[in-house]
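I opened a notebook page for this chain and went through it from the whole to the parts. The entries below follow the order in which I looked things up.

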Amino acid sequence: MKKNLFFATALALLSLTACNESTEIVDSVSSSSSSSELPTTRATLSGYQAPTYADDYSSIADWSNRGSWNLANVHDPTVMKADDGYYYMYQTDASYGNAMDGHGHFFCRRSKDLVNWQWVGSTMRSYPSWVPTKINEYRAAEGLSPIKHFRYGYWAPCARKVSTGLYRMYYCIVVDNYIGNGLYNDVANFDNTWTERAFIGVMETSDPASNVWTDKGMVICSSTDKGFDWSRSSLSDWNAYFKFNAIDPSYIICPNGQHYLVYGSWHSGISVVQLDPSTGKPYSLGNPWGDISSYGTLIYSRNLSSRWQASEAPEIIYHDGYYYLFLAYDELSVAYNTRVVRSTSITGPYYGKDGRNVTAKGGEAYPILTHPYRFDNHSGWVGISHCAVFDDGAGNYWYASQGRLPANTNGNAYSNAIMMGHVRSIRWTQDGWPVVMPERYGNVPQLTILESELKGTWQNITMTYQYGQQCTAESMTLGSGHKITAGFHSGGTWSYDKTNAILYIDGIPMYLQREVDWEASPRTWTIVYSGLSNYNSVNNLKSYWGKRN
């Protein structure tokens, strides 16, 4: 599996070394764009203090400093809002310098404002006993000897509120041993077989603040339509044994009350399976070989003809009549980027903004929502995906993920293993697609944006797909007379819909928001935009990020 291969390398390198309260602040000035408006607006925001924690947290990365981490050492986050008003974030165990090793699994932190995060601790102390029992039960049925020494990976939880006083967390445990000889997944032990299956389990709690979770056992495991043919010709053979890879769960309760699990990573694509609401588990499961129809229905594949494809980490939400399926693309250290498709049915078909039926046809999902990028005066970020998408119950949505610093940032050869938690605000386009803000959320007061604030120099990033490369910023100047006088779309025109906070650049709608200028020194507030082109063909379907200088 892709993650097995990545973590074998990444962990070797590692060893070497905010709630938006949704309160609109009403301007005390008129709606006209006079020169007197700008000072009044700035005076209202003058008391704002931006977050001060460092993006490069290597100096406090050690376990002993965990109380000061805030969003340091975050990987594959999941976020839910609980009845106590806190947002709870859980994650994969990965950390810079392996700081979390030996301290439990699926670590938790919480926040009231999505900016300041309090460390809580691990939700699982050691592996659940059902995992070795179940894997050796399957191995006996396959005519294989039991595994005596297990190596596990703990990945990608998904936490959700089910009802008042009931919360579920789905989690992944990978058995990192070869199927044939049962030995650890190390090159020296390779025996021309694939590695063992992954499992998704579930825990429940009535009170996330207690951080006491009760394990409820297995939900589903990796399944195959290849019977007992687990042979692998070489380590460069990618014709995966498992069809549905039991990794990266996302749990949803539909408006009609039905419960579903969406899961999958790299092997063939993304599957959806209905769950029993009372248990949070499938109604029935057959053996995970042969007829695997009970293990779900394929709803997305990047390549229908391949058992090995660079897509994973489905996250699914329901919003305003559509199910939105967010996907992570490519390897996670640098190239990671986020796509989204949607459907009117949980089981599909799902369509991209370009109109492609990616359930029936497979293929690239559009639009692109995040991509490695760099604004001026900062190293920028890479590896930005495997997202959590969540809301506050009042119509405000956020996107959370890890972001990695590029290699050799601040002279650190291992800086790409620095994983900072990123939380970004989401706006919805007028035709119903989510766009993710370019700058991280910092609880900037959302005072009405005035037209007079838009004139001047901006940085624009056109997020065209560039594998493993950062999209960089270009200048754009919005001048008088609604003319674009320099840089991006120079010679064109701009206009502003103040009611909906949409800046139009030669007719392209850019959705505005006040956010933190994280690249400024000292940090302060600025205005940012995120937008999608009006064209829906793949060649012209572009995503844009921008910020006011």
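Entry 1: I began with the surface and found that the protein chain exposes about 19700 Å². Carbon and sulfur atoms supply 48% of that area. The model is a predicted one, and I read every value with that in mind. Next I looked up burial: of the 549 residues of the protein chain, 60% count as buried.

**Entry 2: make-up and dimensions.** I listed the secondary structure of the protein chain and got three helices and 31 strands. The radius of gyration is 24 Å, close to the 24 Å that the globule rule gives for 549 residues, so the chain is as compact as a globular protein of that length. I also noted the span of the C-alpha trace along its principal axes, about 80 × 50 × 45 Å.

**Entry 3: charges.** I looked up the charged side chains and noted 42 positive and 48 negative ones in the protein chain. The centres of the two sets lie 1 Å apart.

**Entry 4: a sheet of four strands.** In which order do its four strands lie? The order is β1-β2-β3-β4, the sheet is open, and the pairing is antiparallel. At the edges I found β1 (78-81) and β4 (118-124), each of which pairs on one side only. On average, neighbouring strands of this sheet are turned by 25° against each other, direction ignored. I reminded myself that strands of a sheet pair through backbone hydrogen bonds, either parallel or antiparallel.

I followed β1 to its partner. Four bridges join β1 to β2, residues 87-90, and the two strands run antiparallel. In this pair I located Val79 opposite Met89 of β2.

Entry 5: Is strand β14 mostly covered or mostly open? I found β14 (residues 311-319) mostly covered, with eight of its nine residues buried. Its antiparallel partner is β15 (residues 322-329), joined to β14 by seven bridges. Across the pair, Glu312 stands opposite Ala328 in β15. The two strands form a hairpin with two residues between them. In the turn I noted Asp320, whose phi is positive at about 55°.

**Entry 6: positive phi in loops.** Asp330 has a phi of about 75°, and its place is in the loop between β15 and β16. Why does Asp330 count as buried? Its relative accessibility is 3%, and the cut-off for buried is under 20%.

Ser268 has a phi near 75°. It sits in the loop between β10 (259-263) and β11 (270-276). Ser268 counts as buried because its relative accessibility is 8%.

**Entry 7: cis peptide bonds.** The bond joining Gly348 and Pro349 is cis, with omega about 5°. I placed Pro349 in the loop between β16 (337-343) and β17 (368-370). The bond from Ser521 to Pro522 is cis as well, with omega near 0°. Pro522 belongs to the loop between β29 (508-517) and β30 (524-532).

Notes:
Residues are numbered from 1 along each chain as its sequence is written. This is a predicted model: local features need pLDDT of at least 70, side-chain atom pairs count only at pLDDT 80 or more; totals for chains, interfaces and linings use all residues. Side-chain values use heavy atoms; hydrogens and water are left out. Two strands pair if DSSP finds at least two bridges between them. Axes are lines fitted to C-alpha atoms, for helices over the stretch in contact, and angles run from 0 to 180 degrees between N-to-C directions. The radius of gyration is taken over C-alpha atoms; the globule rule is 2.2 Å times the number of residues to the power 0.38. Buried means under 20% relative accessible area, exposed over 50%, partly exposed in between (1.4 Å probe, protein chains only). Accessible areas come from the Shrake-Rupley method with a 1.4 Å probe; for residues, only the protein chains shown count as cover. Lys and Arg count as positive and Asp and Glu as negative; His and the chain ends are not counted. The place of a charge is taken as NZ of Lys, CZ of Arg, CG of Asp or CD of Glu.
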